[in-house]
Amino acid sequence: MAHPNFFTLIIGTEILNRRRQDKHFDFVTKALAEKGAKLTGSFIIEDDPALIIQTIKFIASQPNPVLFAFGGIGSTPDDYTRRCAAVALKDGKLYVQAQAKKIIEEKLGEEAYPYPIKMAELPKGAQLLDNPVNKMPAFSLDERYFFMPGFPEMSHPMVKEILKKLLREPRTYYRYTLTALCKENELIEVMEQMPKEVEFSSLPKCYSDGWRVTISVASHNKAKAEKAFQLYIDLLEKKQIPYGLNDDI
């Protein structure tokens with residue numbers, strides 16, 4: 001898959017009301033960085049079906065999206081994600097997925113009924129994701145939308161396996177950073193020249209001895225990253241503004 005835009009959707013009212021702490025964002029960003037990739041967006045939302053559907057639809061509308069969704073695929077009444085994924089991405093219906101049904105029955109026996117077996121009701125065309133902890137299956141749609149449990153010990157190994165398939169060859173992300181003793185306004189004329197292929201950020205901070213700004217540029221294209229970074233250095237030296245090649249914030 002060429003240059004996917006990665007998104008996370010973290011579903012759980014318990015995170016927003018601080019009863020639980022999110023562990024997915026930090027994990028996914030690090031896993032992507034190891035492959036030379038990054039997130040395009042991340043959403044933490046409550047257990048609200050309409051909001052879940054709208055968020056999935058928004059992510060699906062982006063160019064070449066890949067979604068890692070966490071939470072809400074169980075069998076309790078507040079597990080809405082399976083149905084919401086069907087509405088947002090398929091025909092709105094859930095179907096008994098034969099392989100999932102078999103796994104649940106073999107794992108739980110008679111205890112699979114009446115509730116756990118509901119986890120086998122999945123959107124049309126769902127493919128299963130192996131759960132390394134208790135074998136209760138997660139699922140994917142169209143090889144780009146991945147719906148996983150909220151439990152990190154279950155979902156994070158799934159993310160690792162997915163990334164092995166999607167990003168077979170890690171890409172190097174070339175990043176260059178400096179901190180200058182000035183306000184960021186001094187560098188706007190260079191910021192306006194940044195090419196689309198180059199990510200840049202300007203992070204100002206006011207210390208007791210005055211303003212500083214940390215500039216960072218990055219790209220998979222080393223030459224373009226170096227050229228963009230040199231523009232900042234040239235302007236700083238022209239204006240005789242002190243700077244260091246470090247992140248001071």
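Student: Which residue in E8 does Ser 140 stand opposite?
Tutor: Ser 140 faces Phe 146 there. Keep in mind that this is a predicted model, where local features need pLDDT of at least 70, side-chain atom pairs count only at pLDDT 80 or more, and totals for chains, interfaces and linings use all residues. Residues are numbered from 1 along each chain as its sequence is written, and side-chain values use heavy atoms, with hydrogens and water left out.

Student: What makes E7 and E8 a pair of strands?
Tutor: Two strands pair if DSSP finds at least two bridges between them. E7 (residues 138-141) and E8 have three bridges, in the antiparallel sense. Strands themselves are DSSP runs of E, at least two residues long, and helices are runs of H or I, at least four, both numbered from the N terminus.

Student: Why are E2 and E6 called edge strands?
Tutor: Start with the sheet: it is open, has six strands in the order E2-E1-E3-E8-E7-E6, and its pairing is mixed. Strand E2 (39-45) and strand E6 (127-129) each pair on one side only, and that puts them at the edges.

Student: How many aromatic pairs turn up in the whole structure?
Tutor: The search finds five.

Student: Why is the pair of Phe 68 and Phe 146 called tilted?
Tutor: Rings of Phe, Tyr and Trp (its six-membered ring) pair if their centres lie within 6.5 Å; planes under 30 degrees apart are stacked, over 60 edge-to-face, and the rest tilted. Here the centres are 6.0 Å apart and the planes at 40°, so tilted is the word. The two residues sit 78 residues apart in the chain, Phe 68 in strand E3 (residues 65-70) and Phe 146 in strand E8 (residues 145-148). Ring pairs also bring Phe 6 into a cluster with them.

Student: And what makes Phe 139 and Phe 147 a stacked pair?
Tutor: Their planes are at 20° and their centres 5.0 Å apart, so this pair counts as stacked.
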